[in-house]
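Please read this report alongside the sequence and the model, taking each sheet in turn.

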Amino acid sequence: MNIIWARALAFLILQAAISVAVGWLFGASAGYVTAVVLLVIQHFFNVYHAQRLWRLLDAPVYGEVPSAIGLWGEIYYRLHKLAKRWHNQVKQVEQQHARFIQAIQASPNGVIMLDEHNQIEWCNAIAETHFGIDAKRDLRQQITHLLRTPAFVHYLSSERYDEALLMHHMGEQRNNVLSMQVFPYGDNRKLIISLDVTDLERTDAMRRDFVANVSHELKTPLTVLSGFLETVGELPLSPDEIQRYVEIMRQQAGRMQNIVNDLLTLAKLEGSAKPPSDERIDMGMQMRSLRGDAEGLSQGQHVIEVTGAEGLDLRGAEGELHSAFSNLVSNAVRYTPHGGKIRIEWGPTDDGGARFTVIDSGLGIPAEHIPRLTERFYRIDRSRSRDTGGTGLGLAIVKHVLTRHQADLRVTSEEGRGSTFAIHFPPTRVVHRAPIDTPSDVSVNR
């Protein structure tokens with residue numbers, strides 16, 4: 001304020017000095033006229049700049065502050081500094097807002113902001129995917145007009161948001177499960193947070209199925225054992241009948257033992273991400289062993305072909321890999337009708353890796369069952385699986401063995417024409433050795 005007063009006083013002194021000088025040179029009348037003219041000029045000067053200032057304040061544009069001399073120059077200068085400071089503050093707020101929006105967009109949660117009338121004010125990209133809405137198109141739309149699920153409408157209107165709402169059949173493909181919760185804030189506004197829990201729900205379902213399947217698998221042999229024990233203990237039986245019942249109980253006890261052993265094997269495999277050993281496996285010997293296993297299980301009821309590439313071995317845990325190979329071979333024999341054909345192959349792949357393949361001409365597998373084949377206790381036909389002596393854990397064990405060896409299982413099948421189970425090993429697991437002159441006896445046709 002001191003500067004403004006000083007400039008105003010200096011301007012008045014200048015006017016007075018000019019008037020006095022003119023009066024001294026040209027007379028008193030000329031001095032008075034000069035003073036009046038200067039005052040009129042100053043008045044119009046002030047009116048002009050007052051109008052400029054009014055227009056500037058009425059429709060401010062950053063960077064368009066005019067310049068002037070004297071007192072108005074100081075006003076414009078200070079106004080420019082004030083506008084610049086405000087502009088910087090607004091810019092900082094905008095940057096903070098942009099970072100906040102980026103953080104919400106990067107969140108794995110869907111976020112929807114509703115006003116006091118439950119109209120959409122803003123939502124992030126995840127929420128668009130979760131609920132099938134568009135942030136621009138659906139702005140100011142009633143949320144219940146877009147999400148018409150009765151459970152959601154009731155949840156939103158109930159105003160009891162202590163627990164999250166689980167919504168099924170959501171997402172673009174209508175196969176996702178969302179956990180959604182409303183959080184009131186501000187003046188009757190609401191914040192909707194959603195989280196995709198599809199994988200968690202699927203895991204929980206698999207856990208429930210696993211417990212139920214284990215209970216079911218053990219219940220049957222336990223029921224048989226309990227029944228026969230009561231029969232043997234209460235009824236007079238001949239030695240032959242006792243022997244037959246004991247044999248049946250032995251079979252059921254063996255079945256339970258196999259289930260327990262497979263469960264322990266699976267638990268051991270799941271407990272370690274890497275194989276316990278990295279030994280060199282002679283695949284020629286493996287193929288001959290698998291051929292013997294297949295022939296022993298088939299008892300001449302199938303056509304079995306085995307072909308193997310010479311000089312191509314593996315690195316890994318031999319016992320685990322033999323178990324995986326043997327499981328695929330035994331499954332092919334068990335599920336291929338009499339007179340069918342089973343082919344076991346071992347050879348290189350174009351990427352430098354190797355492939356172990358079991359091809360059968362069995363009944364085939366419906367396409368909808370293929371993705372779930374490696375689930376524990378998952379069976380396409382429970383009665384047929386039990387008749388063949390399977391525990392329902394074989395392919396689950398195969399999956400974990402292959403994961404520990406960086407390999408993957410690929411299954412293709414056609415109903416009525418058979419199935420192909422192929423294990424693909426990466427180049428890091430393949431060992432090449434110098435070929436020998438003696439012919440291989442791995443390739444067999446029967």
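Which residue in S5 does methionine 113 stand opposite? In this predicted model, the residue opposite methionine 113 is leucine 191 in S5. Strand S1, which covers residues 110-114, is joined to strand S5, residues 189-196, by 5 bridges, and these two strands run antiparallel.

Both strands belong to an open sheet of 5 strands, whose order is S2-S1-S5-S4-S3 and whose pairing is antiparallel. At its edges are strand S2 (120-123) and strand S3 (165-170), each of which pairs on one side only. From one strand to the next, the twist averages 25°. Helix H6 packs on this sheet, where it touches S3, S4 and S5.

The other sheet described here is also open, with 3 strands in the order S6-S8-S13 and antiparallel pairing. Strand S6 (279-281) and strand S13 (430-432) stand at the edges with a single partner strand each, so one side of each has no neighbour in the sheet. Direction ignored, neighbouring strands of this sheet are turned by 40° against each other on average.

Strand S8 (residues 312-316) pairs with S13 over 3 bridges in the antiparallel sense, and aspartate 313 has valine 431 in S13 as its bridge partner. Helix H9 lies across S6 and S8, while helix H10 packs on the sheet and touches S6 and S8.

| H6 | residues 150-158 | about 15° with S4 |

Technical notes. Residues are numbered from 1 along each chain as its sequence is written. This is a predicted model: local features need pLDDT of at least 70, side-chain atom pairs count only at pLDDT 80 or more; totals for chains, interfaces and linings use all residues. Side-chain values use heavy atoms; hydrogens and water are left out. Two strands pair if DSSP finds at least two bridges between them. Helices (H or I, at least four residues) and strands (E, at least two) are DSSP runs, numbered from the N terminus. Axes are lines fitted to C-alpha atoms, for helices over the stretch in contact, and angles run from 0 to 180 degrees between N-to-C directions. Contact means heavy atoms within 4.5 Å.
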